[in-house]
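Q: I would like to go through this model with you, one topic at a time. Shall we begin with the strands?

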Amino acid sequence: MRATTRSSRLRHRLLGLAAAGALVAAAVTHSGSAVASSPTEGTVTDTSTSVSWTGGPFALPNTTGTALDAPDCTAPQSCDDFTLHVSTPAGYDDSHSLKIEVSWPETAADFDVYVLDQAGNPVGQAASSADPEQVVLPPTTGTYTVRVVPFLPLGQSYTATATLVDQPVPPPPGTATPPGFTTYAAPSGLNGDVNNAGEPSIGTNWKSGATMYQSSLSTYKVTFDDSTSPATAHWSDVSATAANGCPQGSTFSLDPILFTDHATGRTFESQLSGQDSLTCYTDDDGQTWSPSTGGGIPSGVDHQTIGGGPYSPNGLGPLPTSTYPDAVYYCSQDIATAFCAASHDGGTTFGPGVPTYSLLDCGGLHGHVKVAPDGTAYLPNKACGSTAALVVSKDGGTSWTVNPVPGSSPSDADPSVGVGANGTVYFGYVGSDGKPAVAVSHDQGTTWSAPQTVGTEFGVKNAVFPAMVAGDDNRATLAYIGTTKAGNYQSQTDFKDAEWHLYLATTYDGGKTWVSSDATPNDPVQRGSICTGGTTCGNDRNLLDFIDVTVDKTGHVEAAFADGCIDACVTDATHNSDDGPADAQAAYATIARQSSGLGLFSAYDPQALTSKKHKTHGGKG
């Protein structure tokens, strides 16, 4: 693991074990000994589509499962196995899925689910903090073992179901021409972290036209010259240092994050330091920087996010001494909650951290905070009960409400939210079936449209790292890394031949229809597996946990991603993230920028983004 990478889900869950020690002790006292699943086996067919079973209660935790190794089940009562027989006719999997769901009464507890085929090979797993855990698989005829592992049982029993369900019918593809994209890799001679860009952030300054890109401890300024076709990019290192005004800049990081307020042009670069962050901000695209207190106290210990926008009319406004017009939010996740703190002086200082939810509502892991034009603040969460959810504040961060997104499902991927010019909310996520989808709300997340799966034109079967941006109220783009290979994308044995690309799905009609683009058709972002299991991963952890996407003033979509497959890996399919060599385990700073088609702002449609679709490289070395 790089010294500057984020802490892991496993760390959170083990800390949760320590924090819940008293509950565990009480559970052991009162729960008795665990029992085997009841019944021990069952069958689903196309005519008898569901079976249920139970297990427990469980007293002792089993924390041995990691991204590299299956859980150790040698100790008595450390795992609970159910034998599932599936019998379906040929072609049934074209329109059906096998959905396995495991739930328990006390949300603070945690169980994990592993599905093995008859030979004992893993074919699916759900090892998040969601309740219920869900695994969605093709309904292939065979005999399977559904293994439930009591990661943090707290004396609980579980209830499980396996059901053959109809797949949602994908919407008809949009009639608009899919946008084209050109990719720009950072020049190999650039200072800093050009090949250490896991979890990149991107922002655009609508006042100057500059794009800001965060790659670990390095902040890059990128300018695009649209007088050429395709546009020409110029990269420069503008990282915060003591010499340019911010002593804590570029010194140490557990997690990097960047945010640019489009309207004001202020950019924040934040480096997680543990309980808070080392944060700097610039009003001149990195020429000079100023120090910030970093965040509010209390705050979480992981995965901070900064966002900003207009003040809510229902909350506090700026301090009397501040001339900065917008609110700034700092949110971070903790063991059993997340905290958000608001700044009323442009991010120089922050007020106290306010809990946004508890472990009884949601898992601790969240996505990036966004602020709507009306001042509403949105914090997406991947697992709030049986769905993903949007956590909403309408009063400037004083209070927060959890709004589930019906039809969504938990997964390992943090969801993302984009907000249109008139407040339409686009919620992008990856479901428990591994596929990317978007739901839309017109009332600040209170109600939602039925989620629509995207990427069907390319046959995307697995996706990671959804990132959402909106422009006009009826225009939005979801960026994600996807593959057409089905199965367990974290398997280092079964996924060596997978090829991952950067895809972008765009709507021009408010989410009724979507058109998809492959921004990297001839240059995979990754070959092999992608591990999203935190610090327990192997070499396929190179991309870390997210990508980012933004829009410039004229509507060009710009996506920041770490390219994991460079140099010889691009054409040599024997190179992969699991076995190497290093060119297949890279994390190279790269931007995909829209170069043709309609942008996200209709006001610029007459100037059409007509650059020829092309792929450029900066000599990735």
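Q: How many bridges join β15 to strand β16, and do they run parallel or antiparallel?
A: This is a predicted model. In it, five bridges join β15 to β16 (residues 267-272), and the two strands run antiparallel.

Q: Which residue in β16 is the bridge partner of Phe-259?
A: The partner of Phe-259 is Phe-268.

Q: What about the hairpin of β15 and β16: which residue there takes a positive phi?
A: Gly-265 does, with phi near 85°. The hairpin has six residues between the strands.

Q: Is β15 itself covered on one face or both?
A: Both faces are covered. Pro-256, Leu-258 and Thr-260 are buried on one side, and Ile-257 and Phe-259 are buried on the other. Five of the five residues in β15 (residues 256-260) are thus buried. As a general point, side chains in a regular strand alternate between the two faces of the sheet.

Q: Turning to the open sheet of four strands, what is its order?
A: The order is β27-β28-β29-β30, with antiparallel pairing. The edge strands are β27 (416-419) and β30 (452-453), each of which pairs on one side only.

Q: How many bridges join β29 to β30?
A: Two bridges join β29 (residues 436-441) to β30, and these strands run antiparallel. Val-438 stands opposite Gln-452 in β30.

Q: Stepping back, what does the secondary structure of the whole chain come to?
A: It comes to two helices and 38 strands.

Q: And why does the radius of gyration agree with a compact globule?
A: For 621 residues, a compact globule would have a radius of gyration near 25 Å, and the protein chain has 23 Å, so the value agrees. The C-alpha trace spans about 65 × 50 × 45 Å along its principal axes.

Q: What share of the residues is buried?
A: Buried residues make up 60% of the 621 residues in the protein chain. The accessible surface comes to about 21600 Å², of which 55% belongs to carbon and sulfur atoms.

Q: Of contacts between residues at least 6 apart in sequence, what percentage join residues at least 24 apart?
A: The figure for the protein chain is 66%.

Q: Which residues touch the most other members in the largest nonpolar core?
A: They are Tyr-213, Trp-235, Ile-481, Trp-500, Leu-502, Leu-504 and Ile-547, in a core of 47 residues. Elements that give two or more residues to this core include β10 (180-185), β13 (218-225), β33 (499-507) and β37 (557-563). The largest share, five residues, comes from β37. There is also a second, separate core of 30 residues, which includes Val-44, Tyr-92, Ala-126 and Val-146.

Q: On to the backbone: where is the cis peptide bond with Pro-230, and in which loop does Pro-230 have its place?
A: The cis bond joins Ser-229 and Pro-230, with omega about 0°. Pro-230 is in the loop between β13 and β14 (232-237). The peptide bond from Ile-297 to Pro-298 is also cis, with omega near 0°, and Pro-298 is in the loop between β18 (290-292) and β19 (302-309).

Q: What is phi at Ser-216, and what is phi at His-303?
A: Ser-216 has a positive phi of about 55° although it is not a glycine, and His-303 has a positive phi of about 50° although it is not a glycine either. Most residues other than glycine have a negative phi. Ser-216 lies in the loop between β12 (211-215) and β13, whereas His-303 is in strand β19.

Q: Are those two buried or exposed?
A: Ser-216 is buried, because its relative accessible area is 3%, under the 20% cut-off. His-303 is likewise buried, with 2%.

Q: Last topic: how many disulfides does the structure hold?
A: It holds six. With bonded cysteines counted along the chain, they follow the pattern 1-2, 3-4, 5-6, 7-8, 9-10, 11-12.

Q: Is the link of Cys-73 and Cys-79 left-handed or right-handed?
A: It is left-handed, with -75° about the S-S bond, and the sulfur atoms are 1.9 Å apart. Cys-73 counts as partly exposed at 28% relative accessibility, while Cys-79 counts as buried at 17%.

Key: Residues are numbered from 1 along each chain as its sequence is written. This is a predicted model: local features need pLDDT of at least 70, side-chain atom pairs count only at pLDDT 80 or more; totals for chains, interfaces and linings use all residues. Side-chain values use heavy atoms; hydrogens and water are left out. Buried means under 20% relative accessible area, exposed over 50%, partly exposed in between (1.4 Å probe, protein chains only). Two strands pair if DSSP finds at least two bridges between them. A nonpolar core is a set of buried Ala, Val, Leu, Ile, Met, Phe, Trp, Tyr and Cys residues joined through side-chain atoms within 4.5 Å. The radius of gyration is taken over C-alpha atoms; the globule rule is 2.2 Å times the number of residues to the power 0.38. Contact means heavy atoms within 4.5 Å. Accessible areas come from the Shrake-Rupley method with a 1.4 Å probe; for residues, only the protein chains shown count as cover. A disulfide is a pair of cysteine sulfur atoms within 2.5 Å.
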